[in-house]
Amino acid sequence: MRNVWLLLLACVCMIACRHQQQSSEVTNYDLPQIKDSGVLVVLTLNSSTSYFDYRGEPMGFQYELADQFARSLGVKLKVEVARNTDDMVHKLLNGEGDLIAYNLPVTKEFKDSVEFCGEDIITHQVLVQRNGRKDKPLKNVTELIGKEVYVKPGKYLDRLINLDKELGGGILIHEVTNDSITTEDLIMQVSNGDIDYAICDNDLAKLNKTYYPNLNIDLAVSFDQRASWAVRKTSPLLGEAATKWHQENMTSPAYQASSKRYFEISKRTPHSSILSIKDGKISHFDHLFKKYAKEIDWDWRLLASLAYTESNFDTTAVSWAGAKGLMQLMPRTARAMGVPAGMEQNPEESIKAAVKYIAATSHSFNGIQDPNERVKFILAAYNAGIGHVLDAMALAEKYGKNKYIWNNNVEDYILLKSNEEYFNDPVCKNGYFRGVETYNFVKETLARGEVYKTKIKG
């Protein structure tokens, strides 16, 4: 019995020593150790403004800034995604990351735990309204009295309730508790005219205005809130380096390009007809669509519809995300499919590579027996990336839907990929995604393909 107690005591001592060693390693881990390791581990959250996967490539404003900062240090970037801000701070203090690359609110609670660094961002909440209505956009919060405002629970609802009290009541507050509806969904509803007013942070509003140019986001409805990156208090050198980098690079071409990519450049592809299908032609590239569509057993008119949806048949088109050419392939995909450097905007190279990519993508959906159904999944993957479609299939299966049927099944869950409850689900491996774009992409491409088939025979 005495030996058993000695063994247990020894185990406790070993565990205590190990925790003490880990704590010491975290305490002593600063910029010199990061440079020695060659890797900067940043913590962030999945969102449209911070970090997400797009067509198989990492994207996001905070991600790009973190990557630029890591390059300036001469180290590689590794991203670890947390579930929420509290989890992010916990992971930082636990040594699971070196730096929080996210606009972390500067609150007393967080100031007691971490050292803020980088750029001191001033954020505030704004009223999202629509230009072009008969009524002029509201210019003062007092005009909200008698108006219906839709808002999600949390900080937006809290602020609106307080504002209503400050005004003496009268704002018609609609709390949207449906978990399948996000703040970005409400913004879209404002743009579409389904509702008149919503509330969100100004950076989220600016990003969504690049999708919906008819939005007005000029009216602030809250006090300013400071936010910035953060490090452990025991990593002062890393914090100083981050602050210095921001100060020196906020006007750099790379920093400005990232800011414009997410908050200024339109995310919409302008569409107008180039050739009249009445004359039996869809585009100047019909002969190429006919030539290469055979390789994947597609109707060439569907392939033409895909090109129209992607680029409006503009060989010089470059999207906000960096996709190029007629078929809008991302740089990494174009290289993988054999497009020679500098030839991304060559129409034949673009179509040939797109067909090759479609063929490769098709293998990921071999479980879908119906070829017409499989095409829908391939189109979705072409727009979103395979990972997000596989996530939507996994969600569909989990919630009792048919993961091999797109309409009213998997398409419902690609829409929910922008919802925190769903993209944080353990079955999802690829995080946040703005699924409404893919949902519309599949419908529009297929519908236009059918029009082409009706108007142009053979």
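## Overall organisation

Among chain contacts (heavy atoms within 4.5 Å) between residues at least 6 apart in sequence, 71% join residues at least 24 apart. The model is a predicted one, in which local features need pLDDT of at least 70 and side-chain atom pairs count only at pLDDT 80 or more, while totals for chains, interfaces and linings use all residues. Residues are numbered from 1 along each chain as its sequence is written, and side-chain values use heavy atoms, with hydrogens and water left out.

The chain contains 19 helices and twelve strands; these are DSSP runs numbered from the N terminus, helices being H or I of at least four residues and strands E of at least two. Its C-alpha trace spans about 85 × 65 × 50 Å along the principal axes. Of the 458 residues, 49% count as buried (buried means under 20% relative accessible area, exposed over 50%, partly exposed in between, with a 1.4 Å probe and protein chains only).

## Nonpolar cores

The largest nonpolar core has 64 residues, of which Leu 40, Phe 69, Leu 99, Trp 229 and Leu 238 touch the most other members. Such a core is a set of buried Ala, Val, Leu, Ile, Met, Phe, Trp, Tyr and Cys residues joined through side-chain atoms within 4.5 Å. Helix H3 (residues 61-73) gives the most to this core, contributing six residues. A second, separate core comprises 53 residues, including Leu 303, Val 355, Val 389 and Phe 441.

Beyond its neighbours within four places in sequence, Leu 99 is in contact with residues including Leu 40, Phe 69, Cys 117, Trp 229 and Leu 238. Cys 117 is itself buried, with a relative accessible area of 4%.

## Aromatic pairs and clusters

The whole structure holds 19 aromatic pairs. Rings of Phe, Tyr and Trp (its six-membered ring) pair if their centres lie within 6.5 Å; planes under 30 degrees apart count as stacked, over 60 as edge-to-face and the rest as tilted. Tyr 54 and Trp 320 form a tilted pair, 5.4 Å centre to centre with 40° between the planes. Tyr 54 lies in strand S2 (residues 52-54) and Trp 320 in the loop between helix H12 (300-311) and helix H13 (331-336), so this pair ties together parts that are 266 residues apart in sequence. Both Tyr 54 and Trp 320 are buried. They belong to one aromatic cluster, among whose members are Phe 69, Trp 229 and Trp 245.

The ring centres of Phe 377 and Trp 406 are 5.4 Å apart and the planes are at 75°, so this pair is edge-to-face. Phe 377 is in helix H15 (residues 371-384) and Trp 406 in helix H17 (residues 406-415), 29 residues apart. Phe 377 and Trp 406 are both buried.

## Charges over rings

Lys 290 lies over the face of Trp 300, at 4.9 Å from the ring centre, and the charged end of Arg 434 sits over the ring of Tyr 211, 3.6 Å from its centre. The criterion is NZ of Lys or CZ of Arg within 6 Å of the ring centre and within 35 degrees of the ring normal.

## Surroundings of Ile 171

Ile 171 is found in the loop between helix H6 (155-166) and strand S9 (172-175), and is buried, with a relative accessible area of 7%. Ile 171 and Lys 147 are 24 residues apart in sequence and 5.7 Å apart in space, C-alpha to C-alpha. Not counting residues up to four places away in sequence, Ile 171 touches residues including Leu 144, Lys 147, Val 149 and Leu 160.
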